[in-house]
Amino acid sequence: MNAFAEVEVKPAPAAVNKVQSMSQLRLPHDRWSPLEIAFWLLPVVAYFAFPGYLVLISQIMIVGLFALSLDLMLGYAGIVSLGHAAFFGLGAYTAGLLSVHGWSEPFSGLLAGAVVAGLFGFVVSVLVVRGQDLTRLMVTLGIGLMLFEAANKASFLTGGVDGLSGMVVGKLFGAFEFDLNGNVAFCYSFAVLFIVFVVLRRVVKSPFGLSLVGIREGVRRMPALGVNVNRRLVAVFTLAATVAGLAGALLAQTTQFVGLDSLGFPRSAELLIMLVLGGTGRLYGALVGAAVFMLAQDYIAGLNPAYWQFYIGLLLMVIVLFARGGILGGLEKLASRFKRKEQE
């Protein structure tokens with residue numbers, strides 16, 4: 001018998017599974033799936049199907065834009081915040097003050113709100129990114145409370161608890177005037193939301209976005225790959241603040257009013273609830289969470305105005321216990337189970 005006879009060597013099952021799982025990994029791409037296209041057709045359908053709810057749908061889209069800014073910061077980079085409303089309110093007051101003092105052109109006012117909030121975010125980001133989760137919570141909460149009290153004290157400028165009224169927003173493109181039915185506000189909000197979403201979608205699928213995920217999952221390993229962690233965190237914090245300011249300016253222009261609550265802690269807390277409902281780190285989770293929260297709030301408050309928060313809390317508990325990863329996370333798990341059953 002030949003001692004050098006060929007022997008068939010079979011790889012271990014664990015190694016085969018590992019190779020197969022690695023072969024299934026794919027880098028993010030910019031191709032739009034049919035499900036994504038259908039998602040963005042829903043507002044178009046809602047425009048014609050629910051003409052009496054255009055104002056509510058516009059506000060849902062604006063809050064969804066606001067939630068996107070926090071998801072970019074929390075869901076991808078892992079930066080927790082309890083004062084994200086500071087940037088939202090700063091953008092709202094910037095657009096509102098420009099309008100009150102005679103600058104009624106909407107697009108430049110929208111851009112001004114985003115720029116002011118982004119600059120402020122860049123300044124305070126140095127304080128935020130240095131700490132860990134608990135430190136970041138306290139710093140962001142302190143920033144939000146300070147801005148809230150500053151706006152409250154400066155009532156001669158902001159209107160204080162009465163809010164900033166007397167805004168006059170000009171026509172879009174010099175032709176489309178904001179109406180009471182919310183037709184122009186709906187189209188304006190939808191266009192801004194879609195454009196910003198396309199930009200953020202490209203950001204999170206870029207090498208910069210992948211590095212943010214790496215920082216979230218293992219911040220101590222990223223410097224070994226040549227990644228400057230602090231610079232990445234400052235950049236994403238500034239971008240998130242800019243988008244939040246854009247959302248605040250958009251709300252101020254479409255409602256032509258800025259309330260002190262735009263800077264308040266409850267708005268920041270509600271934003272976190274929306275992300276938990278929809279699912280963090282997905283972008284679409286922010287939009288779904290904002291829609292579910294605001295629709296549930298509108299419906300439940302109509303049924304029981306005094307105790308609507310009880311039912312919102314109950315909904316939140318159900319989602320957390322039975323759909324980890326939010327609504328989208330739960331749907332993804334159900335879809336994977338169906339695929340496994342089909343393969344079996």
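In which hand does α11 pass α12, right or left? In this predicted model, the crossing of α11 over α12 is right-handed. The axes of α11 (residues 265-278) and α12 come within 7 Å and cross at roughly 110°. Angles of 65 to 115 degrees count as roughly perpendicular, so α11 is roughly perpendicular to α12. On the α11 side, the contact is made by Glu270, Ile273, Met274, Leu275, Leu277 and Gly278. Their partners in α12 are Gly285, Ala286, Gly289, Ala290, Phe293 and Met294. By class, this contact of α11 with α12 holds eight nonpolar, three polar and one charged residues.

α12 also packs against α13 (residues 308-322), with axes that come within 9 Å and cross at roughly 145°. The crossing of α12 past α13 is right-handed. From α12, Val292, Phe293, Ala296, Gln297, Ile300 and Ala301 take part. They meet Trp308, Tyr311, Ile312 and Leu315 of α13. Nine nonpolar residues and one polar residue form the contact of α12 with α13, with no charged residues.

Two or more lining residues come from each of α2 (34-49), α3 (54-76) and α12 (284-303). α12 gives the most, with seven residues. The lining of this pocket comprises 19 nonpolar, one polar and one charged residues.

Key. Residues are numbered from 1 along each chain as its sequence is written. This is a predicted model: local features need pLDDT of at least 70, side-chain atom pairs count only at pLDDT 80 or more; totals for chains, interfaces and linings use all residues. Side-chain values use heavy atoms; hydrogens and water are left out. Helices (H or I, at least four residues) and strands (E, at least two) are DSSP runs, numbered from the N terminus. Ala, Val, Leu, Ile, Met, Phe, Trp, Tyr, Cys and Pro count as nonpolar, Asp, Glu, Lys and Arg as charged, and the others, Gly among them, as polar. Axes are lines fitted to C-alpha atoms, for helices over the stretch in contact, and angles run from 0 to 180 degrees between N-to-C directions. A crossing is left-handed if the near helix is turned anticlockwise from the far one by less than a right angle, and right-handed if clockwise. Contact means heavy atoms within 4.5 Å. Angles under 35 degrees count as roughly parallel, over 145 as roughly antiparallel, 65 to 115 as roughly perpendicular and the rest as oblique.
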